[in-house]
Amino acid sequence: MMGVKDGAENKRTGKQLTTMLLDPPDIVPRLESELERFLTDLEAIPIHDIDRAQRFVPRVPEPLNLLHTDLCPVQTTIQVERNPTTGHLVGFKEAYLSETGKTARNSLSLKRAPDATSDSVKGNTLNFPFWPGGQDEPSVDDLLKTTASGQIDFENNLLTVAPGLTEGMTFKSATLKADQSSGSKPEVMAFTDIMTLNDDLDDLYLEEEEGVDVNNAAMNKDEGFDVNNAAQIPNLQRSQSLEKLVEVDSSKTPQDTKDIAVKAEDKEEWAVMVDVDAPVDDFYKRVPDMAHKWPFEPDVFQKQAILRLENHESVFVAAHTSAGKTVVAEYAIALSLKHMTRTVYTSPIKALSNQKYRDFKITFEDVGLITGDVQINQTASCLIMTTEILRSMLYNGSDVIRDLEWVIFDEVHYINDAERGVVWEEVLIMLPQHVNIILLSATVPNTMEFASWIGRTKKKKIYVISTTKRPVPLEHYLYTGNSNKTSNELFKILDAKGSFNTVGYNKALEAKKERATKSSQSTGTKGVRGGHPNQDKNVWLSVIDMLRKQDKLPVVAFTFSKKRIEENCQNLQSVDLTTAKEKSEIHLFFHNSIRRLKGADQKLPQVLQIEGTLKRGIGMHHSGILPILKEVVELLFQKGLVKVLFATETFAMGVNMPARTVVFDTIRKHDGAHFRDLRSGEYTQMAGRAGRRGLDPTGTVIILCKGDVPEQSDLHKMMLGKPTKLESRFRLTYSMILNLLRVEQLRVEDMMKRSFSEFHSQKDVARRKEDLEHLHKKVLQIEDIECFMCSTDLEPYWEACRDYHELHRSLQGIILTHPAAVKALTPGRVVIVTTQPRKHVLGVVLKTSTTGSINEKLFTVLVICDKKSHDSMSKNSSAEGSAINSDSSKNSDQSGSAELVMPVEKIQLFQPEGACWHEVVQCRSENIIVITTKTIKVDADKIFNDIKKREQPRFRDDPPAQSVTMTTQELLRITEANLEGLPGLDPVKDLHIREIDLVEKFRALELMKVKFEKYNCVNCPRFSEHFDAISSNMKLKEDYRRLQFLLSDASLMLLPEYQQRIEVLKALNYIDQHNAVQLKGRVACEISTHELMITELVFENALTDLHPTEIAALLSSMVFEQKNASEPKLIDTLEKGMNRILEKAKQISDLQRKEGMQVESEYQETFKFGLMEVVFEWARELPFSEITNLTDVQEGIIVRCIQRLHETLRDVRNASRIIGDPVLYQKMEEASRMIKRDIVFAASLYTQ
């Protein structure tokens, strides 16, 4: 108050103020001076002055708060008791609830409480998924039994550092002195062991064995043990541990029953083939009250499937195109309505989901649709969705899964898709046990294999139902005409019975050759193999005219190029296939369909172009067309108003729109990598659109021969070959790993084990477990070799011999295929070989040849042998077995015995004991031990002729020719002069091998050979006997370890990649060192595409400072997939954002490469920035008619990109909610609102 008065006084007297009224008085230090003092003098900081830092707020007691407490979950419930016969109410009883504390946040059980806080349809990323079917759900009792079963070793391998700490405790057992240990047993350390340390080792062994016997006898006596029952104790070897003394005999435990169950399970067939040829005469007796009825009589295969559905069993229906697979799906939906449960119908593509929604909505009213941007009637009993949506629901623990009775997988052969095929496998593995499965597919050759995998994975039988023939047979033709004069050149090459008509094919060749001859005579030029583009118009005019005359319309013309489709429609402007009434109907339907579009959008060039072609009865269908226009074309085709439809391959994907005729513009397509012929499955899928059931007696398939006529073998393979097999496309993704890691009970290794790719290796698990148990018993019975010389290093010696032989065999295979070695192994080269009966035999090369598909080298060698042994072997051999031919059997034995490890000894050449003889053998690379430096002169042809002559019975006793005798005597002379071996060709000096890796391996081989002399066991007089014994023991141990490996996670094919991806996630802080999912990992679980990149951008605040239009433009690079697009014009902010994305992509790519991941392409190449300018301007409300001028990308692809971008923006919005970023959340909402407008998000005609 005094300050205010002074201020007023000064104002009244006219004095000027030098300080502000609100300035603090001089006694309060200024902040600047205080800060400067603290920065210059750290000791002046009052570290003990806590008055300003801490405040104590006393609690005010509120007794009334005790009246409001959280209610405990109810432990009991009231259950109704009914008469099991009549169903009448009998009474009530109170039942105990055992799982009241389980929620969606802590349990995978179906008995957990529903999650009321999250979306009940799509679930929540915080929820646990439900326990996958086919896996044994662990219970508390099982966990307690496992813990108490003695599996924990409290003596060894104990952890010393607690999680989260850097240091811990070490547990060292204190050694008790003899005078301090009271009551110690003599078994701890025998007095005789101390007294006999300096005695002979053999005496020590003897005394120890006697000591053990004495001790055992004393112990038995003290415990009242009956000596007569001593046979019950297993004979324990000295080398076995004391734990074996108290080992429990498991042969009399309940484990036997489990083994029997495993054997029964192994023998059980999970896939059952249903005989569709057997009529179901008692169908209506077995199903008196059908859940759904049709105006037609179901086929036999449909009745068989309905019977299985009535029994709540899973089916796999693999039927021909247009056979009626949808009938099975309709009956499953009707059953779920009857049972008041739910059915999920999944399809591979969004367009098919929309069409099925329309079809099922007509049949059943309670139908819903869930796609990325459309949610209709989510509480319906039948939900139609894409497979990706169902996968998300399973991972997020959606409560819809509780009520599921059926999941229908349509177009299962789409599992072969390289990018999205893994989704089918994930969903099939993650489905709970109570959900039954219906698989609908085109005919595939390995239905039983695929059904066996699903049945074994889900532990339920799958009934396979396949059709044997099409309901409407097809006739296949070649068309060689190119004008109205030649429009009758239609040649049948495959009739309705599936017989290839060679006569028709030859006529097509003659017609084409005749026209080519006339053309060359008139123009002097040769025909083009693929047909000239200018001829397309004439060919299509003639074929359409021919089809119209023969009443073969409507027709679907499959063309594998969007550009060619539009060119064909442009070239056919003169063709008019509709009447005036049909034109009027098309006009009304078209404008009625597009009236919901804006006026400017109704005048788009593509809209006007398609309207004009449709009125003439011609339509086009490909991914570049606007979705609403594609639907208009499809609906008009169903009405029969489109007579000729040019379409790409996607039109044949599950769309129930058959035509009378199918025409192939060509039978070659580009699959993204190169041009190739159509596969049998692809051709069958598209040709199956021909023939309308109930309307056409046969369907017509025509292949246009614009250029040369296709090869007969190619046509035969394409038309009559086996369809494409169902193959696994399972691969690991970061999203899958994070979704499984956030739930402790689920393991990624279990997901890999249950994948279709691991099916063949995992189906023998039960048998391998039996073999492992059998081997385990044998391993326990292995006795140590009681030899003081061999016991020290015989086992390491055997392992060194094994490694030496393996390295030697691999190097020999490389050497003998090396050009220098092949040149050296010419006839006359002396070699040392090892054959089955003899080792280290000297021989001479007569001939070198190759055999088999891998061009394995075979060497024909003349070797010396004993005359007596040769005669005895000749008598024992078969009548037709010559020296050369019979050696093949020897080599097969050698290949089996090559795995036997032999000791590495100094080479001692074989020397015949009696008369020297000869033998011709064929050797593989592993049989040749040394390529010597010596060569002798031989005449190989004379030797072969003489040996073949003496193989004949009448010349068998003739003496060998001079060429054979001289060669044999020369080999014998060299052997006698060099019994300790001959020097061999040096791989580096003589064969001039310069590869660094090979040179190092040769050097390692020489070093290994030198070390063998230092082993003590080779001096044992009984070395050979002991080596054979250790070989047998080590073989058992190796087989045991191999089976252990095959039964462990280490044998999984994708395990190395999984470990590499785990290291990448750790480096990026998505998981910690214990694989616990961190905040970044939780955010990545929300993202459906490019989860790593988007998460990194979110956490680096790369999006928060941008405008919503710029965010939408940047994120369009995550969903745009077209490789070739015009270069966009970007503002500086978008340029910086693009560079930041590429920089971050390079960091992630380098990290993946550092961890050893094998990536097919650079990570940066997966981001396409071609539509950034388009999306940026679209978000700024530029009309669609103007943004199409900014790029050469077609309209349909632009719309699809923006629709997928909307899903990505929604994912990022959810991620921002998790990390608590309200600014980013609002910007994502704003960006979604900006792009969701007009023609891009026009409602589907199928949902109206």
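Predicted model: local features only at pLDDT ≥ 70, side-chain atom pairs only at ≥ 80, totals over all residues.
1. Overall composition. The protein has 1248 residues, and buried residues make up 44% of them. Its secondary structure consists of 42 helices and 25 strands. Among contacts with a separation of 6 or more, 73% are between residues 24 or more positions apart.

2. Nine strands form an open sheet with mixed pairing, in the order 3-11-4-10-9-5-8-6-7. Its edges are strand 3 (271-273) and strand 7, each of which pairs on one side only.

3. Strand 6 and its two partners. Strand 6 (residues 367-370) pairs with strand 8 (residues 382-386) in the parallel sense, over four bridges. Within this pairing, Gly368 has Leu383 of strand 8 as its bridge partner. With strand 7 (residues 375-376) the sense is antiparallel, and the pairing runs over two bridges. Here Leu369 is bridged to Ile376, while Ile370 stands opposite Gln375.

4. The nonpolar cores. The largest nonpolar core contains 208 residues, and the members that touch the most others are Phe409, Phe450, Phe664, Leu715 and Phe1184. Helix 41 (residues 1195-1219) supplies the largest share of this core, with 10 residues. A second, separate core has 68 residues, including Ala824, Val844, Phe1002 and Leu1005.

5. The surroundings of Phe664. When neighbours within four places in sequence are left aside, Phe664 is in contact with the aromatic residues Phe558, Phe560 and Tyr683, among others. The contacts of Phe664 also include Leu678, Met686, Ala687, Val701, Ile702, Ile703 and Leu704.

6. Helix 19, geometry and burial. Helix 19 (residues 627-638) has 12 residues and reaches 17 Å from its first C-alpha to its last, close to the expected 16 Å. Nine of its 12 residues are buried, so the helix is largely enclosed by the rest of the structure. The buried set comprises Ile628, Leu629, Val632, Val633, Leu635, Leu636 and Phe637, together with Glu631 and Glu634. Elements covering these residues include helix 10 (350-363), helix 17 (580-594) and helix 18 (605-615). Strand 14 (555-558), strand 15 (618-621) and strand 16 are also among the covering elements. After the helix comes Gly640, with a positive phi near 85 degrees.

7. Helix 25. The 16 residues of helix 25 (residues 765-780) should span 22 Å at 1.5 Å a residue, and the end C-alpha atoms are 22 Å apart, which agrees. The reader may note that the expected value rests on 1.5 Å times one less than the number of residues. The buried residues of helix 25 are Val765, Ala766, Arg768, Leu772 and Leu775.

8. Aromatic pairs. A pair of aromatic rings is described by the distance of the centres and the angle of the planes. With ring centres required to lie within 6.5 Å, the count comes to 20 aromatic pairs. One of them joins Trp540 and Phe646, whose centres are 5.0 Å apart with 75 degrees between the planes. This pair is edge-to-face because its angle is over 60 degrees. Trp540 lies in helix 15 (residues 535-549) and Phe646 in strand 16 (residues 644-647), so the pair ties together parts that are 106 residues apart in sequence. Both residues are buried: Trp540 has a relative accessibility of 3%, and Phe646 has a relative accessible area of 0%.

9. The aromatic cluster. Phe316, Phe450, Trp453, Phe756 and Phe759 form one aromatic cluster. Phe450 is also one of the residues that touch the most other members of the largest nonpolar core.

10. Charges over rings. The charged end of Lys847 sits over the ring of Phe944, 5.5 Å from its centre. Lys1080 likewise lies over the face of Phe1099, at 5.8 Å from the ring centre.

Note on methods. Residues numbered from 1 in each chain as written. Heavy atoms only, no water. Phe/Tyr/Trp six-rings, centres within 6.5 Å; stacked < 30°, edge-to-face > 60°. Buried < 20%, exposed > 50% of the residue type's maximum accessible area, 1.4 Å probe, protein only. Lys NZ or Arg CZ within 6 Å of the ring centre and 35° of its normal. Pairing = 2+ DSSP bridges. Core = buried A, V, L, I, M, F, W, Y, C linked by side-chain atoms within 4.5 Å. Contact = heavy atoms within 4.5 Å.
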